[in-house]
Amino acid sequence: QVQLVESGGGLVQAGGSLRLSCAASGSIFNINDMGWYRQPPGKQRDLVARITSGGSTTYADFVKGRFTISRDNANNTVYLQMNSLKPEDTAVYYCNCNADVRAGPAVLYGWNYWGQGTQVTVSS
């Protein structure tokens with residue numbers, strides 16, 4: 001099993017910045033893609049950004065030019081730098097990874113894991 005531990009959420013004024021971190025631990029053989037998703041109150045969970053093991057990135061239109069996703073492969077950690085925050089960015093942010101995991105003597109490929117979520121609140 002893989003656990004994802006998130007940090008960096010909190011309360012910030014509009015125009016401010018936050019950096020979210022997510023560290024993966026457990027029986028990891030290899031981590032493939034990692035990403036961030038968010039879910040505002042009463043709405044569905046949507047992709048914010050994702051990054052491949054090689055560093056290729058994808059962003060949702062509503063964060064382009066403001067957010068940057070990065071990863072530290074040596075520490076199994078993904079980051080989301082959030083700048084120029086807006087009240088509409090308020091949501092629970094979830095870390096996700098797709099990983100190849102060890103299961104006893106075997107390796108299981110392509111399993112998907114989620115963090116518990118961290119609250120980001122942007123005030124006006």
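The legends below describe close-up views of a predicted model.

Local features were taken at pLDDT of at least 70 and side-chain atom pairs only at pLDDT 80 or more, while totals for chains, interfaces and linings use all residues. Residues are numbered from 1 along each chain as its sequence is written, and side-chain values use heavy atoms, with hydrogens and water left out.

**View 1. The disulfide between Cys 22 and Cys 95.** The S to S distance in this pair is 2.1 Å. With a disulfide taken as a pair of cysteine sulfur atoms within 2.5 Å, the count is one. The torsion about the S-S bond of Cys 22 and Cys 95 is about -85°, so the disulfide is left-handed. Cys 22 belongs to strand S3 (residues 18-26) and Cys 95 to strand S9 (residues 91-103), so the bond ties together parts that are 73 residues apart in sequence. Strands (E, at least two residues) and helices (H or I, at least four) are DSSP runs, numbered from the N terminus. Cys 22 is buried, at a relative accessible area of 0%, and Cys 95 is buried as well, also at 0%. Here buried means under 20% relative accessible area, exposed means over 50%, and partly exposed lies in between (1.4 Å probe, protein chains only). Cys 97 takes part in no disulfide; its nearest cysteine sulfur is that of Cys 95, 6.5 Å away. Cys 97 is likewise buried, with a relative accessible area of 0%.

**View 2. The open sheet of four strands.** The strand order is S1-S3-S8-S7, and the pairing is antiparallel. Two strands count as paired if DSSP finds at least two bridges between them. Strands of a sheet pair through backbone hydrogen bonds, in either a parallel or an antiparallel way. S1 (2-7) and S7 (67-72) are the edge strands, each with a single partner, so one side of each has no neighbour in the sheet. On average, neighbouring strands in this sheet are turned by 15° against each other, direction ignored. These angles are between axes, which are lines fitted to C-alpha atoms (for helices over the stretch in contact), and run from 0 to 180 degrees between N-to-C directions. Six bridges link S1 and S3 in the antiparallel sense, and Val 5 stands opposite Ala 23 in S3.

**View 3. Strand S9 and its partners.** S9 pairs with strand S4 (residues 28-39) over nine bridges in the antiparallel sense. Gly 35 faces Asn 96 of S9 as its opposite residue. S9 also runs antiparallel to strand S11 (residues 118-123), to which three bridges join it; the bridge partner of Ala 91 in S11 is Val 120. A further antiparallel pairing, of seven bridges, joins S9 to strand S10 (residues 106-114). In that pairing Ala 103 stands opposite Ala 106 in S10. The hairpin of S9 and S10 has two residues between the strands, and Gly 104 there takes a positive phi near 65°.

**View 4. The hairpins on either side of S5.** S4 and S5 pair in the antiparallel sense over five bridges, with Met 34 opposite Ile 51 in S5. Six residues lie between S4 and S5 in their hairpin, and Gly 42 in the turn has a positive phi of about 75°. S5 is also antiparallel to strand S6 (residues 57-59), over three bridges, and Ala 49 stands opposite Tyr 59 in S6. Five residues separate the strands in the hairpin of S5 and S6, where Gly 55 has a positive phi near 100°.

View 5. One aromatic pair is found in the whole structure. The ring centres of Tyr 37 and Trp 114 are 4.9 Å apart and the planes meet at 65°, so the pair is edge-to-face. Rings of Phe, Tyr and Trp (its six-membered ring) pair if their centres lie within 6.5 Å; planes under 30 degrees apart are stacked, over 60 edge-to-face, and the rest tilted. Tyr 37 is in S4 and Trp 114 in S10, so the pair ties together parts that are 77 residues apart in sequence. Trp 114 is partly exposed, with a relative accessible area of 37%. Arg 45 lies over the face of Trp 114, at 4.8 Å from the ring centre, and over the face of Tyr 94, at 3.5 Å. A charge sits over a ring if NZ of Lys or CZ of Arg is within 6 Å of the ring centre and within 35 degrees of the ring normal.
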